[in-house]
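Student: Could you walk me through this protein with a few questions?
Tutor: Gladly, let us look at it together.

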Amino acid sequence: MFVTGITVVTLRAADGRLVGLTASSFNSVSLDPPLVLWSLAHSSSSMPALQAGSHYAINVLAADQRELALQFAARGVDRFAGVAFTEGVAGAPLLAGAAATFECFSRSRYDEGDHVIFVGEVERCSHRAGAAPLLYHGGRFYTERLLG
């Protein structure tokens with residue numbers, strides 16, 4: 001019963017391979033220093049690359065990026081097929097059209113239950129002015145609706 005935004009976490013693995021996954025578990029932790037967190041299941045196929053990597057990007061999806069959320073959640077496909085992106089300062093892909101991007105140094109990790117909580121120190125961020133967020137609730141996608 002909690003509405004979340006949708007993010008795609010991306011990185012360039014040590015072998016040069018592009019890695020990306022859809023994540024809805026994203027939060028701000030601190031403003032000074034700027035820290036954010038997100039979590040990933042131990043069973044994720046992306047886990048080895050994320051545990052070995054030092055940097056990643058968190059791409060906050062805009063309302064018009066529903067198909068990207070689905071593509072990066074799919075299994076057994078090239079998640080970057082047809083996806084426009086630029087390369088961030090540490091090599092992580094920054095998805096074109098995202099509402100916001102956070103380029104992070106992987107500061108710490110915590111094993112909790114069946115997930116790992118990643119805490120990233122934001123080294124650079126940007127946003128797309130006026131972009132409405134893509135929202136997720138109860139297994140369905142939504143866009144914002146101003147209540148007053």
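Here is a short exchange about its cavity, its core and a sheet.

Tutor: This is a predicted model, where local features need pLDDT of at least 70, side-chain atom pairs count only at pLDDT 80 or more, and totals for chains, interfaces and linings use all residues. Residues are numbered from 1 along each chain as its sequence is written, and side-chain values use heavy atoms, with hydrogens and water left out.

Student: Which strands each supply at least two residues of the lining of the largest cavity?

Tutor: A cavity is a set of points on a 1 Å grid over the protein atoms alone where a 1.4 Å probe fits but cannot get out, and lining residues have an atom within 4 Å of a point. His55, Tyr56, Glu103 and Cys104 are among the lining residues here. Strands are DSSP runs of at least two residues, numbered from the N terminus. The two strands are E6 (55-60) and E9 (100-112).

Student: Which residues touch the most other members of the largest nonpolar core?

Tutor: Such a core joins buried Ala, Val, Leu, Ile, Met, Phe, Trp, Tyr and Cys residues through side-chain atoms within 4.5 Å, buried being under 20% relative accessible area with a 1.4 Å probe, protein chains only. Of its 23 residues, the ones asked for are Val9, Trp38, Leu50, Tyr56, Ile58 and Phe118.

Student: In E11, what is the bridge partner of glycine 5?

Tutor: Two strands pair if DSSP finds at least two bridges between them. E1 and E11 (residues 134-137) pair in the antiparallel sense over two bridges. The partner of glycine 5 is leucine 135.

Conventions
On a 1 Å grid over the protein atoms alone, a cavity is a set of points where a 1.4 Å probe fits but cannot get out, and a pocket is an open set with protein on both sides within 12 Å along at least five of seven lines; lining residues have an atom within 4 Å of a point. Helices (H or I, at least four residues) and strands (E, at least two) are DSSP runs, numbered from the N terminus. Buried means under 20% relative accessible area, exposed over 50%, partly exposed in between (1.4 Å probe, protein chains only).
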